[in-house]
Amino acid sequence: LQGATWSCTATPGSACGSTTGSGRVQDTVNLAVDGQVTYTQTATLSLSATDSVSNTVSIAAPATITESNPDNNVAVDTNTILPGMPPSTFNGPDPQQGIYGVYYAYTFEANGIPAPTYTLTGTGPSGTLLHTVTGVLSGSATEAGTFDFSITATNDVGSYSKDFSITIQPQETTTTVSSSAPTSVYGQPVSLTATVTAVAPSVVTPVGQVQFYFENEAGERVELGAPVNLVDGQAVSEGLDTLLGEHPLVGTYTYSAHYLGNTNSLPSASAVQTQTVEPAAATLTVSTVSNPIVYGEALPVTLTVDQEAASLVRPAGQVQLYLNGVKFGSPLTLDGGGQAYRNIPVVNIWPGEHELTATYTPAEPAQFLPGDNLSAPYLQTVNKADPVIDFQVLWPEQAAFEPLDLAVWVKPSLQTQ
């Protein structure tokens, strides 16, 4: 035995002469009744040693103490020495495949006496480490691919190396897609959101890009803009009106999302979803420049059609004005601001209260619902005009006390026609 060292521990009431030492154990101890001292020796067996190794332990009582049983004061331990053997093979099957993002573990075990230690040469799977004593290669795989390397088993007698290859497969993924408003109205902004997740047992959030697809008015499936980068597993498209160049018309469409994948994650496609675009509601209002007015003034009328709050597109189409329930003039076409104008002449509005109503007919193909203000007519008041009375003497040179002939005129005031 070479490089022998030892240590001593004692039960309560007993004591070691020394707690540590080297080489041969020779110590004086104090033993209480039923007490114990324990020596632990560590040494290296010489490579030249053969057959067996023996250790003899003896104890002697002080001269002042009479031994009651001196026959148990010596003990011998003998161990057979096995011959050293260099590593020559690895046991078990070759390493199994792994999956990106999943914990990987494989134990390299070689023969040999004494038991060998292990080293790795080359590039093992990213994210894994080799334990030099146990031979366990383990860790969460951080990159997919095929990794070629060699493992060397070494003991005091020799060493043995073998080449290995481990493939880490990309993780599988699942893609889902949703609309910000699955049922929208014409002119309403709508965007799509794709969510990409890893399939168990992998838990790593995929990175990369998503391509959105949309069915256009012609029923063709088209790419919806350029691929969109994932952020924390999600990709959000721009508005459909931006990507298509216009708001989708009233109808039913389909859309989907395709995750393009990368080295570490496999591609996946969402299920096809439905986008429904309904006509937007329209609100029609009637207004005049002034209310009330005086009889004799013309009446400019403005007809305005507004879309509902969700829509960003101004309504198109025509409006028909009614005066006191009777159609007044022909239909008017709305301008780009959703307005039309009509002037009601003085001859059509006598003093009193007049009811102004209108109806809206959307342009074809209809993207808006028809509208009117029939339930809340606009009431226009027309006041009587103040007259201007004028007179003139017909015969200004008549004699005194003769009857005077006068001409009297009643004319409209200056603010009227």
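Gln211 is buried, because its relative accessible area is 4%, where buried means under 20% relative accessible area, exposed over 50%, and partly exposed in between, with a 1.4 Å probe and protein chains only. Before I continue, please note that this is a predicted model, in which local features need pLDDT of at least 70 and side-chain atom pairs count only at pLDDT 80 or more, while totals for chains, interfaces and linings use all residues. Residues are numbered from 1 along each chain as its sequence is written, and side-chain values use heavy atoms, with hydrogens and water left out.

Gln211 belongs to strand β18, residues 209-215; strands here are DSSP runs of E with at least two residues, numbered from the N terminus. What lies 3.0 Å from a polar atom of the Gln211 side chain? It is the backbone oxygen of Gly225. Beyond its neighbours within four places in sequence, Gln211 is in contact with several residues, among them Glu223, Leu224, Gly225, Ser256, Ala257 and His258, contact being heavy atoms within 4.5 Å.

One of those partners, Ala257, sits in strand β22, residues 251-259. Ala257 counts as buried because its relative accessibility is 0%. Apart from neighbours within four places in sequence, its contacts include Thr175, Val177, Ala194, Phe212 and Ser268.

I turn now to the aromatic residues. How many aromatic pairs does a search of the whole structure find? The search finds twelve, with rings of Phe, Tyr and Trp (its six-membered ring) pairing if their centres lie within 6.5 Å; planes under 30 degrees apart count as stacked, over 60 as edge-to-face and the rest as tilted. Phe90 and Phe164 make an edge-to-face pair, at 5.5 Å centre to centre and with 85° between the planes. Phe90 is in strand β6 (residues 90-91) and Phe164 in strand β14 (residues 159-169), so this pair ties together parts that are 74 residues apart in sequence. Phe90 counts as buried at 10% relative accessibility, and Phe164 counts as buried at 6%.

Phe108 and Phe149 also form an edge-to-face pair, with 6.3 Å centre to centre and 90° between the planes. Here Phe108 lies in the loop between β8 and β9, and Phe149 in strand β13 (residues 145-154), 41 residues apart. Both Phe108 and Phe149 are buried.

Finally, the charged residues. Side chains of opposite charge can pair when their charged atoms come close. The count of salt bridges comes to two, a salt bridge being a side-chain nitrogen of Lys or Arg within 4 Å of a carboxyl oxygen of Asp or Glu. In one, Lys162 meets Asp94 at 3.7 Å, N to O. Lys162 lies in strand β14 and Asp94 in the loop between β6 and β7, so the pair ties together parts 68 residues apart in sequence. Lys162 is partly exposed at 29% relative accessibility, whereas Asp94 is exposed at 52%.

Arg314 and Asp306 meet in a salt bridge at 3.1 Å, N to O. Arg314 is partly exposed, with a relative accessible area of 32%, and Asp306 is partly exposed, with 28%.

Methods:
Helix = DSSP H or I, 4+ residues; strand = E, 2+ residues; numbered from the N terminus. Polar contact = N/O pair within 3.5 Å; in protein donor to acceptor, adjacent residues only side chain to side chain.
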